[in-house]
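Here is a walk through one structure, with the geometric cut-offs spelled out along the way. Have the viewer open and follow the residue numbers.

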Amino acid sequence: MGHSSHAEAEERKEMDIRSFSSSQHNQTPYIHKVGVPPKQDIFKEFKTTVKETFFADDPLRCFKDQPRSRKFVLGLQAIFPILEWGKNYNFRKFRGDLISGLTIASLCIPQDIGYSKLANLAPQYGLYSSFAPPLVYAFMGSSRDIAIGPVAVVSLLLGTLLRNEIDPTTNPTEYLRLAFTATFFAGITQATLGILRLGFLIDFLSHAAVVGFMGGAAITIALQQLKGFLGIKKFTKKTDIISVTKSVFHSVDHGWNWQTILIGSTFLTFLLFAKYIGKNNKKLFWVPAIAPLISVILSTFFVYITHAEKKGVAIVGFIEKGINPPSVNKIYFTGDYLLKGIRTGMVAGVIALTEAVAIGRTFASMKDYQLDGNKEMVALGAMNIVGSMTSCYVATGSFSRSAVNYMAGCQTAVSNIVMSVVVFLTLEFITPLFKYTPNAILAAIIISAVLGLIDYEAAILIWKIDKFDFVACIGAFFGVVFASVEIGLLIAVTISFAKILLQVTRPRTATLGRIPRTNVYRNNEQYPEATKVPGVLIVRVDSAIYFSNSNYIKERILRWLMDEEEHLKAAGLPKIQFLIVEMSPVTDIDTSGIHALEELLRSLKKRNVQLVLSNPGRMVIDKLHASNFPSQIGEDKIFLTVADAVLTCSLKLPEEV
């Protein structure tokens with residue numbers, strides 16, 4: 001039964017081919033010529049190209065036809081968006097911002113103390129970084145939902161890179177100075193990218209690579225917390241999973257402290273349970289938000305009344321009171337450490353920028369408003385420059401805090417100001433109360449926070465969609481987990497660039513066939529029912545033809561031709577006489593691309609096959625005419641559509657074909 005239906009399908013296909021061929025021979029077609037665009041002014045074309053590259057969003061549109069005074073106001077609003085949305089600010093919005101600001105403050109205070117340890121800095125520097133930078137961002141940032149402060153991944157990255165240069169234990173003063181220097185140049189990097197409108201550069205780090213990097217960093221951060229969670233005093237300075245595992249199990253007999261483990265495991269269970277409640281009931285979003293602060297208060301009180309610090313439970317100790325002291329004089333502007341600070345700052349700045357822009361875009365799409373990526377970069381850069389001068393280290397957008405901020409009903413960036421005020425009050429009056437806070441609770445808070453960075457659902461989706469993307473994802477993940485944060489980052493960037501290079505140097509090509517009973521030509525692999533035209537081979541090139549891929553495209557087209565001729569010879573069918581190259585997807589061509597077409601033409605002439613082009617675009621046809629290529633193949637060999645090309649070629653084929 002199956003055999004007979006297959007035979008019927010083949011018969012219908014043959015009939016379709018015969019009817020198509022006979023109809024072609026009985027028609028005198030009207031063929032529309034491919035238009036050659038008028039010559040463009042070279043300076044105008046250059047200006048257009050530059051504008052589309054750097055000013056695709058046309059940021060100066062609002063300044064057109066405006067008086068000078070209005071332009072001045074619009075200029076100020078562009079730098080400080082608060083001047084624009086602040087005009088319509090009201091009490092209803094403030095109520096939402098107040099609640100969300102207080103909520104994220106309760107989350108950020110314990111997190112900041114813990115994250116500063118990841119950066120190998122004293123606890124107060126984490127709090128400093130949630131006071132000054134959010135204030136600057138509130139005036140200059142364009143996101144309504146993003147919550148600013150230190151984050152786990154950047155803290156770990158900064159701490160790892162700085163420790164490679166200076167030991168924070170033996171030389172804490174120089175280490176602190178290098179941290180401020182790195183923060184300053186992180187801000188310079190971010191602001192420069194925004195001012196020069198180079199935001200598209202951060203898109204070269206693919207989503208898949210970021211997912212893998214974040215997941216690996218989360219595992220690494222969680223492993224680092226085992227020191228505080230288990231009460232281990234001597235712990236490896238390496239971050240890879242093998243070194244950490246060895247360090248943990250080598251200290252089982254003498255290094256673990258059961259009181260510390262009890263505190264850590266109890267409150268980690270509480271924090272995870274609070275997260276579970278918040279995840280399953282969106283109205284109870286505030287439960288996981290205030291759980292860390294409750295944990296800190298309860299654990300601190302427990303240690304204080306039981307004097308657990310005398311039984312080996314490590315505590316935070318003294319936290320310096322008062323707001324951020326100035327640190328301009330501590331930044332290296334000369335000397336041996338300047339270059340190290342620049343290098344570290346650039347890496348940390350780009351990673352912080354990638355995270356913040358991704359977070360900002362996510363929440364902007366959820367609330368349906370536009371986020372200017374370049375303005376965001378300038379705002380983030382400015383806040384880190386100011387931060388470096390006020391004893392802060394690199395701050396950026398925090399996903400966990402931004403999510404809480406969003407769910408708490410924030411309306412504007414004023415929620416960051418509210419959070420900053422709470423941190424200010426904490427620094428002025430409350431820091432002495434954190435003296436007896438156990439390190440185990442900070443470890444538990446960080447572990448519960450970073451678990452959300454492991455997005456296994458995204459990894460599964462990446463595997464389903466694109467296997468090469470999954471290689472980038474898993475490569476970055478294993479690089480961070482088994483080597484170091486820097487190696488993982490390097491792998492992520494390398495694989496992302498490798499994918500771009502592969503797509504540029506090895507573009508896709510396809511052979512086309514005619515969809516039955518239509519004049520539409522599509523990929524034979526996608527549409528198996530599409531019929532090939534006797535004596536004609538149609539190949540589509542799905543890329544611009546540049547020096548990087550021109551030779552490959554030429555060879556691939558010839559390989560399509562050889563494969564087809566072998567197939568026809570084996571079937572006893574007439575050979576190919578026309579090769580039609582469908583150029584609709586070819587957006588541009590350079591000199592190497594034209595040379596490749598000329599070489600293809602010479603190779604085809606040796607095989608007695610004629611080259612035909614279909615639908616070259618404006619840029620392509622303009623350059624082809626500039627190189628005099630149409631006269632080489634014949635002006636009558638360039639067609640508007642594949643159907644026109646096939647129609648004309650079919651009329652020239654012998655009747656037996």
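## A covered strand

In strand S5, Val 536, Ile 538 and Arg 540 point one way while Leu 537, Val 539 and Val 541 point the other way, and all are buried. Buried here means under 20% relative accessible area, exposed means over 50%, and partly exposed is in between (1.4 Å probe, protein chains only). In a regular strand, side chains alternate between the two faces of the sheet. S5 spans residues 536-541 and is mostly covered, with six of its six residues buried. Strands (E, at least two residues) and helices (H or I, at least four) are DSSP runs, numbered from the N terminus.

Before going further, some ground rules: this is a predicted model, where local features need pLDDT of at least 70 and side-chain atom pairs count only at pLDDT 80 or more, while totals for chains, interfaces and linings use all residues. Residues are numbered from 1 along each chain as its sequence is written, and side-chain values use heavy atoms, with hydrogens and water left out.

## The sheet around S5

What order do the six strands of the open sheet take? They run S4-S3-S5-S6-S7-S8, with mixed pairing. Two strands count as paired if DSSP finds at least two bridges between them. Strand S4 (521-523) and strand S8 (638-639) stand at the edges with a single partner strand each, so one side of each has no neighbour in the sheet.

On one flank, S5 pairs with strand S3 (residues 509-514) in the antiparallel sense over three bridges, and Val 541 is the bridge partner of Thr 509. On another, S5 runs parallel to strand S6 (residues 578-582), joined by five bridges, with Val 536 opposite Phe 578. Phe 578 also stands opposite Gln 610 in S7; S6 and strand S7 (residues 610-614) are parallel too, over five bridges.

S5, H23 and S6 make up a right-handed β-α-β unit. Right-handed means that, with the strands pointing away from the viewer, the path from the first strand over the helix to the second runs clockwise.

## What the record says

The UniProt entry, which is unreviewed, carries the annotation "domain: STAS" over residues 526-649. UniProt positions are given in the numbering used here, feature names are shortened, and annotations may be inferred rather than shown by experiment. In the model, that span is 48% helix and 15% strand, and its end C-alpha atoms lie 25 Å apart.

## Salt bridges across the chain

There are twelve salt bridges in the structure, each being a side-chain nitrogen of Lys or Arg within 4 Å of a carboxyl oxygen of Asp or Glu. Side chains of opposite charge can pair when their charged atoms come close.

Start with Arg 401 and Asp 112, whose side chains meet in a salt bridge at 3.0 Å, N to O. The two sit 289 residues apart, Arg 401 in helix H17 (residues 399-407) and Asp 112 in helix H5 (residues 91-118). Arg 401 is buried at 0% relative accessibility, and Asp 112 is buried at 0% as well. Next, Asp 145 bridges to Lys 367, with the closest N and O atoms 2.7 Å apart. Asp 145 is in the loop between helix H7 (132-140) and strand S1 (147-149) and Lys 367 is in helix H15 (residues 337-367), so the pair ties together parts 222 residues apart in sequence. Asp 145 is buried at 0%, whereas Lys 367 is partly exposed at 27%.

Glu 599 and Lys 554 form another salt bridge, the closest N and O atoms being 2.9 Å apart. Glu 599 is partly exposed at 31%, but Lys 554 is buried at 13%. Elsewhere, Glu 165, Lys 340 and Arg 343 are linked in a salt-bridge network.

## Back to helix H5

Tyr 115 also belongs to helix H5 and is buried, at 4% relative accessible area.
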